[in-house]
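Work through the exercises below with the model open beside you. Each task is followed by a stepwise solution.

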Amino acid sequence: MNDDTIAAISTPLGEGGIGIVRLSGRDAVSIVEKLFSSPKNKKLSESESHKLIHGFIKNPSTNTTIDEVLVTVMKAPKTYTKEDVVEINCHGGILPLREVLELVLRSGARPAEPGEFTKRAFLNGRIDLSQAEAVIDLIRAKTDESRRVAVEQLSGGLSEKITSLRDRIASICAHIEAYIDFPEEEIEPASLESILNEIQDIKNGLSILSNSFEEGRFFREGFKIAIVGRPNVGKSSLLNALLNRDRAIVTETPGTTRDLLEEYLNVKGLPVRIMDTAGIRETHEMAEREGVMRSLKAIDDADLIIGIIDGTTPLNNEDMVVLEKIKDKKNIIAINKSDLPPHPSLPLKGGGSGWGFENCLKQYSQNVLMISAKTGEGLDTLKDKILDVSLIKSQKLVGATLSEDSYREVRSPFDESEGVIVTNIRHKVAIDNGITALNNVSAALRSLLPLEIVAMEMRDALDRLGEIVGSVTTEDILNRIFSEFCIGK
Ligand SMILES: Nc1nc2c(ncn2[C@@H]2O[C@H](COP(=O)(O)OP(=O)(O)OP(=O)(O)O)[C@@H](O)[C@H]2O)c(=O)[nH]1
Ligand SMILES: [Mg+2]
């Protein structure tokens, strides 16, 4: 248990309806008691736990009232940190909050470090490390799906999986150590076979989790999409249409967009980071040239490229340069401006095609469609395509077939992990290290190496997985994790 009491403003700084100063630690109640006065002379130390009490925070040295407040005393251990926690609900302006915090600090609390409340929840055993990490994922979640995955992890979904796999390793380990204690006994072939099978089964469980990471990354960071094409084809217009607001500048002059512009977007539950880019063309203008360089880099970085073609003009050399650049990447080609009369070489709306254009594009992409960024025509189909393409990518990674077409169905490979998706690179690395250690165990058993070596590798596997839940950890790991948090969480 920590001796000191920490305090911080736990709500965002700025104007709001209310703002909260939070304290946690042994002296939390007595510190606030010194500053609090209730019209009915209620004492915080005698009040019922987890109930709001109305009153005022006063500066005891000047006896001036700083703010009218509602205070909640939450007695240990049923609190966020498992320590005594006091929350002071102030009026939401920055001045009252700062003054209340300052008084609290002068009365014996110390400023909390980023994430320190959550760190205490971990150190005091209320949550494990992967749950603590889910807190920050939840705070940062950009879509319903990423929120769902974070809540699942926070409620212990990943921890349970890891813990049960660890328990199974531990019992094999105990089995093997028993043989070490009786060196005259040998493991019987049948018993050896069943140990090897059990290890394989545990490894399969770990692989399912490890494979879910690529999808997990999308939920955490967003699936990265770059909109590219030559100048004036309607890239910025498409970004605006997808976002439903005028985010990017659109003009009829080619070369309008000079810099990358990135926004978050929710495509039917898939969190997407979408980038508008500068039109790609040869240019001697310095700023535009830099912009084009960034567009080319965006093509390299993205998970999916949407290449835009202007359907009212013939394909030109600039289009060809773009098409060549994107043809080996996961891509969709959107022929824009379908609200205008198409260029005669374009495929005709509603079926039949003109000459060349469509076939030509098919060499560059399996996904060619027509849209109008202006009227919104085709955008729903585009979103479906984005979803398809993103899931095909993750399906490949889990080695499943590509027959399903609905989103929910396509997610079925993840039913194997019962909705537990690994989103954190730290967890993925630990799981992969665990798999490596188990591979070493199987190899050592098969080549009849001394059982001490087998047991050592098994303990290594246990430790690697222990890093995920925090049963094995270092100060360095903890600092790295909790420094990512905001102060007051
Ligand atoms: N009719 C019609 N006009 C469009 C459509 N999409 C874009 N435009 C027009 O095409 C012109 C260029 O649009 P932008 O969105 O600025 O094109 P861009 O590709 O971002 O251009 P750069 O930033 O210069 O590379 C503007 O005049 C738009 O109004 C469309 O679907 N239909
Ligand atoms: Mg633009």
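Helices (H or I, at least four residues) and strands (E, at least two) are DSSP runs, numbered from the N terminus. The model is a predicted one, in which local features need pLDDT of at least 70 and side-chain atom pairs count only at pLDDT 80 or more, while totals for chains, interfaces and linings use all residues. Residues are numbered from 1 along each chain as its sequence is written, and chains are lettered from A and ligands numbered from 1 in the order in which they are written.

**Exercise 1.** Describe the shell around ligand 1.

Step 1. Apply the cut-off: a residue is near a molecule or strand if its C-beta atom, placed from the backbone, lies within 6 Å of it. The shell of ligand 1 then holds 24 residues, and the closest are Gly234, Ser236, Ser237, Thr257 and Gly279.

Step 2. Look for the element that gives the largest share. Helix α9 (residues 235-243) does, with three residues.

Step 3. Sort by class: Ala, Val, Leu, Ile, Met, Phe, Trp, Tyr, Cys and Pro count as nonpolar, Asp, Glu, Lys and Arg as charged, and the others, Gly among them, as polar. The shell has seven nonpolar, twelve polar and five charged residues.

**Exercise 2.** State how the chain divides into domains, and describe the contact of domain 2 with domain 3.

Step 1. Take the bounds, which come from an automatic or database domain assignment. They are 6-112 for domain 1, 132-212 + 422-482 for domain 2 and 221-396 for domain 3.

Step 2. Between the C-alpha centres of domain 2 and domain 3 there are 43 Å. Five residues from domain 2 and six residues from domain 3 make up the contact, where two residues are in contact if their C-beta atoms, placed from the backbone, lie within 7 Å.

Step 3. On the domain 2 side, the touching residues are two polar and three charged, with no nonpolar one.

**Exercise 3.** Trace the open sheet of six strands.

Step 1. Write down the order, β9-β10-β8-β11-β12-β13, and note that the pairing is mixed. Two strands pair if DSSP finds at least two bridges between them.

Step 2. Find the edges: β9 (261-267) and β13 (368-370) each pair on one side only.

Step 3. Check one pair. Five bridges join β8 (residues 223-228) to β10 (residues 270-276) in the parallel sense, and Lys224 stands opposite Arg273 in β10.

Step 4. Helix α11 (residues 317-326) lies across β8, β11 (304-310) and β12 (331-336), and runs at about 160° to β11; axes are lines fitted to C-alpha atoms, for helices over the stretch in contact, and angles run from 0 to 180 degrees between N-to-C directions.

**Exercise 4.** Is Thr277 buried or exposed?

Step 1. Locate Thr277 in the loop between β10 and α10 (286-301).

Step 2. Recall that a residue is buried if 20 or more other C-beta atoms lie within 10 Å of its own, exposed if 12 or fewer, and partly exposed in between, with C-beta atoms placed from the backbone. Thr277 counts as buried because it has 28 C-beta neighbours inside 10 Å.

Step 3. List contacts, leaving aside neighbours within four places in sequence: among them are Ala226, Ile227, Val228, Thr257 and Arg294.

**Exercise 5.** Trace the open sheet of seven strands.

Step 1. The order is β3-β4-β5-β6-β2-β1-β7, with mixed pairing. β3 (36-37) and β7 (110-111) are the edge strands.

Step 2. β4 and β5 run antiparallel and are joined by nine bridges; Lys51 stands opposite Val73 in β5.

Step 3. In the hairpin of β4 and β5, four residues lie between the strands, and Asn63 takes a positive phi near 60°.
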